[in-house]
Amino acid sequence: MGGDRYCGFCGKHETEVARLIAGPIANICNECVELQHGMLNEDPSRKRSLHEVLSRARQRRISELEAENRRMREALDLFWSQSLAIETLARRAYGESSQIYQNVLAAILKAQEFYKKLPKAARAALSQEEKP
Ligand SMILES: [Zn+2]
C-alpha cells in the first residue's frame, strides 16, 4: 500500500497531521475527528450532514493557509528591506566591481529564486495584498 494519503475532509497530507486514519473509501485525520466530535457535542440531538462537516474542515484549512501567507508576507518584507540595505552598504563600502559586492548580489539573487518557488497560492495571496 504505497502512495500519498490525504485526509478526505480537510485535504491535509498524512505528514501534516499527527494521525491519519485510513478508511475503506476515504481517510480522516485526527484534527477532523476532533472537529466532528466537537460538532456532535454542540447539539447532540441534531445530526450533522457530511456537507456541514466538510465545509467546516475546509474553512479551518483556509484560515490556516491565510495565516501562513501572512507570516510569509512578513518574512518577505523583511527580506526585501534587509537585502536592499545590505546591497547599498556593500556597494558603498567596496564598490560595484569588488568580489564582496558580487558575492552579496549573487546571494540576493539566489534568495529571489527561492521566492519564485513559493507555492502558487501563497504568491497569489501576496501579490493581491501588495495592490494598493
Ligand atoms: Zn482532516
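E14 is found in the segment before strand 1. Setting aside residues up to four places away in sequence, E14 touches R5 and L20. N27 sits 13 residues from E14 in sequence, and their C-alpha atoms are 9.4 Å apart in space.

Is E14 buried, exposed or partly exposed? E14 is partly exposed because 15 other C-beta atoms lie within 10 Å, while a buried residue would need 20 or more.

## The chain as a whole

Let us step back for a moment. The protein chain contains four helices and two strands. Read from the N terminus, the order of these elements is β-β-α-α-α-α. Buried residues account for 8% of the 132 residues in the chain.

Which share of the contacts with a separation of 6 or more joins residues 24 or more positions apart? In this chain the figure is 33%.

## The nonpolar core and A57

The largest nonpolar core is made of eight residues: C7, F9, C10, L20, I28, C29, C32 and A57. In soluble globular proteins, nonpolar side chains tend to be buried together. L20, one of the residues in this core, is also touched by E14.

A57 is another member of the core. Leaving out neighbours within four places in sequence, A57 is in contact with F9, C10, C32 and L35.

## L35 in helix 1

L35 has its place in helix 1, which covers residues 30–42. Apart from residues up to four places away in sequence, L35 touches R56 and A57.

Why does L35 count as partly exposed? There are 18 other C-beta atoms within 10 Å of L35, so this residue is partly exposed; the cut-off for buried is 20 or more.

## Y94 in helix 2

Helix 2 spans residues 50–94, and Y94 lies in it. Not counting residues up to four places away in sequence, Y94 touches I100 and Y101. Y94 counts as partly exposed because it has 15 C-beta neighbours inside 10 Å.

The mean pLDDT of the protein chain is 76, and 75% of the residues reach 70 or more. Where in the chain is confidence highest, and where is it lowest? Strand 1, residues 20–22, is highest at 88, whereas helix 4, residues 120–130, is lowest at a mean of 58. Where pLDDT is low, the predicted coordinates should not be read in detail.

Technical notes
Residues are numbered from 1 along each chain as its sequence is written. This is a predicted model: local features need pLDDT of at least 70, side-chain atom pairs count only at pLDDT 80 or more; totals for chains, interfaces and linings use all residues. A nonpolar core is a set of buried Ala, Val, Leu, Ile, Met, Phe, Trp, Tyr and Cys residues joined through C-beta atoms within 7 Å. A residue is buried if 20 or more other C-beta atoms lie within 10 Å of its own, exposed if 12 or fewer, and partly exposed in between; C-beta atoms are placed from the backbone. Two residues are in contact if their C-beta atoms, placed from the backbone, lie within 7 Å. pLDDT is the predictor's confidence in each residue, from 0 to 100.
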